[in-house]
Amino acid sequence: MVTLHGEYNGWVILLSFIIALFVSYSALNLVYKISQSKGKVQLGWMLAGAFVMGSGVWTMHFIGMMAFHIGIPIAYDVPVTLLSITASIGASYIAFYLTMAKEINRLKLLGGGFVMGAGIVAMHYTGMASMHSPTMSIQYNPIIVILSAAIAVLTSCAALYFFINFRDGSKAVWSKWAAAALMGLAVCGMHYTGMGAASFWCGEEAVTLLTEDIPINLFLLISVTLVTLLIMLVTWIAIYLDRTVLERMAFSDPLTGLANRHAMNRFFDHKLENARTYGLLFLDLDQFKIINDTLGHDVGDLLVQAVAKRLRSHENEGAQTFRLGGDEFLLMTKGMEPAQVEQLATHILEDIRKPYLLEGNELYITGSIGISLSPEHGNERSSLLIAADTAMYQAKRRGKNQYCLYNEHLERELLRRMELEKDLRIALARDQFVVHYQPKWDAAVNRAIGVEALLRWNHPILGRISPEEFIPIAEETGLIVPITRWVLGQACRDCFEWNEDRTEPLSVSVNMSVCVFDSKNLEDMVVSALLHSGLDATLLELEITETIVMHNVEDVVEQLKSIREIGVQISMDDFGAGYSALGSIDLIPFQTLKIDKLYMQQSDSPSKRAIIHTIIMLAKQLNLEVIAEGVETEQQMAFLQSAGCSMMQGYYFSKPISRADLDLWLQQSMFVNGRHTSQSLIG
């Protein structure tokens, strides 16, 4: 046997390094895409990346073998060659798979490098085995083979290290090319070390056939190179389109150009991962729906765009802005102190309330901001968003056009609200609701003329829950509709029963919610309650507020007219508490005005007395009855009588009481004259 001494073609070696360089750069780009993707998209990018990187590394290896000239013709076994490519792609898949883990310690890095290196070694020596010639055999130096395997493992560890450090896409382009060059040199070093481990032998009779005139198979060389470069080019184009077009579509809001909710989730997962402190400012525009309803959605969209432009200007102050949808925005800060975050919120509110000139309209709008901070209020995205959202609604409840910082008190309120909402859904089915009644007194005839039905919730664990607490929850969740149906039915049944033995009938009034009108079930509820109880329709009164009327005047009036046609009475509750519907008051089919108790609480004030006089005069001119709520003293009762109002309601006569106590109160009130207080009547 005779040893064959081969020579390398320097230009082909350079080509193999260039391919290794481009393959490494493509891999660094692909690892970023894989780390930014989720689910099936991530799996798709990982498989594509493994194919591109694996085929590229194999191409570098194949061209490196073609660069070696030993003077005899060499052929390549196709099945073994395909096995070599498979090993390269498998090693690349392992590399990309390992980079998905958020944290990789040294042990994982070495383990992954060993497995990946084993795949590269398998690729190289399987590729060498694909070389065959009838006159040639290959032998290996075991020491150099071990050295090449060690280089492969070290190369794999280095590649994994670069992948981990470049997966967030934050590194500069030049540093990526430098890392790619180091990876390319390492891959080439492993390959040519492995080639150095091989010695080629042929029989003595074949020595005479050796020649130096066997040219490199340029067609095969160029074909393999072009196919590999084409694959990488297609990959780069796909990455570019994904980043510049598809990513922009997926992560930006089409109306404002701001980052959207998907971008916010990505920002949480990557940009804030290592941040020690950051803040969330949840912004919601006040009364935005009114602008949409009055001026149209086109003007509403222009307003959202204008607000977004002003918010974007605050990014110079260290805030990242996102539009979550509708008129909701989120601003994130990183590394700011709480005082700085609050100062930023103040600047934003000042900027938002400046006038907007849109389509010939000069618009004014304000915003409410809720603030949550990490780590004070949590580290998880969901908990921080809930905290900021809760604080924002608190800012709205405080009067809007302000910010609110989340605190433990709000947290307790939120937990209690969630618990009440959960329990409220089963309270009706478990008979936890009761109806109490507060009498209405007519001082002119010195007797009760009716009662107001008031809902009470006896919670089995928390005890008596205030209506001021659970009614808003019921309205927000829509549960107020079935609850109102039940109250109507119970009130009508009770009213029918207590009127059976009375010579002077006693009416019952039930408060209505705007949700009932929105549900379009009002007439069905009333008719059903009257039908099942047998109560005369004239003894039922529905109390509505000014807010309900102004919610949708035409629709509310239309529903009330159908109720009036069957004889049900309508009263305007809490008159003067909100924005008075004086412009349409003559269109609303009601028979009674109820003066809000706020005026009675401040009845010592001359201005409040003047307003009460005006309301009473207005009611008389419109042929309406008037009832004063919140009467608690004899002086208040005397004032109302002198002002011309004889019908009253309040603690002076009775607090809201149960049905049993009401029966007792009614019996006692028939024998009591003069002063009437809850104490004198029910003890």
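Is strand 8 (residues 278-285) largely enclosed by the rest of the structure or exposed, and why? Some notes on that and on the rest of the model follow.

1. Ground rules. This is a predicted model, where local features need pLDDT of at least 70, side-chain atom pairs count only at pLDDT 80 or more, and totals for chains, interfaces and linings use all residues. Residues are numbered from 1 along each chain as its sequence is written, and side-chain values use heavy atoms, with hydrogens and water left out.

2. Strand 8. It is largely enclosed, because eight of its eight residues are buried (under 20% relative accessible area; exposed is over 50%, partly exposed in between; 1.4 Å probe, protein chains only). Tyr278, Leu280, Phe282 and Asp284 point one way, while Gly279, Leu281, Leu283 and Leu285 point the other way. In a regular strand, side chains alternate between the two faces of the sheet.

3. Its partners. Strand 8 runs antiparallel to strand 10 (residues 328-334), with seven bridges joining them, and Phe282 stands opposite Leu330 there. Strand 13 (residues 367-374) is also antiparallel to strand 8, this time through eight bridges; Gly279 has Leu373 as its bridge partner in strand 13. Pairing here takes at least two DSSP bridges between two strands.

4. Overall make-up. I count on 24 helices and 23 strands in the protein, taken as DSSP runs numbered from the N terminus (helices H or I, at least four residues; strands E, at least two). Of the 683 residues, 48% are buried. The accessible surface is about 33,100 Å², with 59% of it belonging to carbon and sulfur atoms (Shrake-Rupley method, 1.4 Å probe; for residues, only the protein chains shown count as cover).

5. Cores. The largest nonpolar core has 81 residues, and Val508, Leu540 and Leu542 have the most contacts inside it. Helix 15 (residues 480-498) gives the largest share of this core, nine residues. Apart from it lies another core of 30 residues, including Phe288 and Tyr356. A core here is a set of buried Ala, Val, Leu, Ile, Met, Phe, Trp, Tyr and Cys residues joined through side-chain atoms within 4.5 Å.

6. Val508 close up. Leaving aside neighbours within four places in sequence, Val508 is in contact (heavy atoms within 4.5 Å) with residues including Tyr437, Trp498, Leu539 and Glu541.

7. Salt bridges. There are 21 of them, each a side-chain nitrogen of Lys or Arg within 4 Å of a carboxyl oxygen of Asp or Glu. Asp284 is buried at 10% relative accessible area, and Lys396 is buried at 17%.

8. Glu543 and Lys440 form a salt bridge, with their closest N and O atoms 3.5 Å apart, and both residues are buried. Glu543 sits in strand 19 (residues 540-545) and Lys440 in strand 15 (residues 433-442), 103 residues apart.

9. A local pair. Asp663 and Arg659 meet in a salt bridge at 3.2 Å, N to O. They are separated by about one helical turn, because they are four residues apart in helix 23 (residues 659-669). Asp663 is partly exposed, at 25% relative accessibility. Elsewhere, salt bridges that share partners join Lys440, Glu452, Glu541, Glu543, Lys594 and Glu629 into one network.
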